[in-house]
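Work through the exercises below with the sequence and the coordinates at hand. Each task is followed by a solution in steps.

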Amino acid sequence: MSLLEELSGYGADIQDGLNRFANHSALYEKMLKKFPDAVKKTEVQCYFQANDFEQALANAHTLKGMTGNLSLTPLYKAYTDVVALLRQGKPEEAREIFEKVLPIQEKIVACIQAHI
């Protein structure tokens, strides 16, 4: 199974992603393959654990943009909610959403890494 087929199974909107990259599938896949490193560099979980909600917000906002551009829809929707809740001063609600989407993010990252 191809990377794009597998990601589609996790809820990614592949056609939307391809459209964002002018239907240039090689470029889209190249950008997808950068996502696992970006997740490592833009850690969110450790900042929730440290109750550093300002940095959690900054990193969640970065991942929101990245997941939106890559059309990783379940992650984008979750990060959109996390960012909104953190901005509203509702860190515990934001943490709950983040923790629910974390297993999906881990599956998407593992899927991409398997194709690198």
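**Exercise 1. A helix pair**

Helix 7 passes helix 8 in a left-handed crossing. The model is a predicted one. Determine how the two helices are oriented to each other, and which residues make the contact.

Solution. 
- Step 1: Take the axes of helix 7 (residues 73-87) and helix 8 (residues 91-114); they come within 9 Å and cross at roughly 160°.
- Step 2: Apply the cut-off, by which angles over 145 degrees count as roughly antiparallel. Helix 7 and helix 8 are therefore roughly antiparallel to each other.
- Step 3: List the contact. Helix 7 contributes P74, L75, A78, Y79, D81, V82, L85 and L86, while helix 8 contributes P91, E93, A94, I97, F98, V101, I104, Q105 and I108.
- Step 4: The contact of helix 7 with helix 8 holds 14 nonpolar residues, one polar and two charged.

**Exercise 2. Surroundings of T67**

Decide whether T67 is buried or exposed, and find which backbone oxygen its side chain reaches.

Solution. 
- Step 1: Locate T67, which lies in helix 6 (residues 53-69).
- Step 2: Buried means under 20% relative accessible area. T67 has 0% relative accessibility, so T67 counts as buried.
- Step 3: Look for the partner of the side chain. The side chain of T67 reaches the backbone oxygen of K64 at 3.1 Å.
- Step 4: Set aside neighbours within four places in sequence; T67 is then in contact with F35, L72, L75, Y76 and Y79. Among these, L75 and Y79 also belong to the helix 7 side of the contact with helix 8.

**Exercise 3. Two positive phi values**

N23 and S71 each have a positive phi without being glycine. State where each residue lies and classify each as buried or exposed.

Solution. 
- Step 1: N23, with a phi of about 60°, sits in the loop between helix 2 (14-20) and helix 3 (25-32).
- Step 2: The relative accessible area of N23 is 51%, so N23 is exposed.
- Step 3: S71, with a phi near 60°, sits in the loop between helix 6 and helix 7.
- Step 4: The relative accessible area of S71 is 3%, so S71 is buried.

Note on methods
Residues are numbered from 1 along each chain as its sequence is written. This is a predicted model: local features need pLDDT of at least 70, side-chain atom pairs count only at pLDDT 80 or more; totals for chains, interfaces and linings use all residues. Side-chain values use heavy atoms; hydrogens and water are left out. Axes are lines fitted to C-alpha atoms, for helices over the stretch in contact, and angles run from 0 to 180 degrees between N-to-C directions. Helices (H or I, at least four residues) and strands (E, at least two) are DSSP runs, numbered from the N terminus. Angles under 35 degrees count as roughly parallel, over 145 as roughly antiparallel, 65 to 115 as roughly perpendicular and the rest as oblique. A crossing is left-handed if the near helix is turned anticlockwise from the far one by less than a right angle, and right-handed if clockwise. Contact means heavy atoms within 4.5 Å. Ala, Val, Leu, Ile, Met, Phe, Trp, Tyr, Cys and Pro count as nonpolar, Asp, Glu, Lys and Arg as charged, and the others, Gly among them, as polar. Buried means under 20% relative accessible area, exposed over 50%, partly exposed in between (1.4 Å probe, protein chains only). A polar contact is a pair of N or O atoms within 3.5 Å; within protein, one must be able to donate a hydrogen and the other to accept it, and residues adjacent in sequence count only if both atoms are side-chain atoms.
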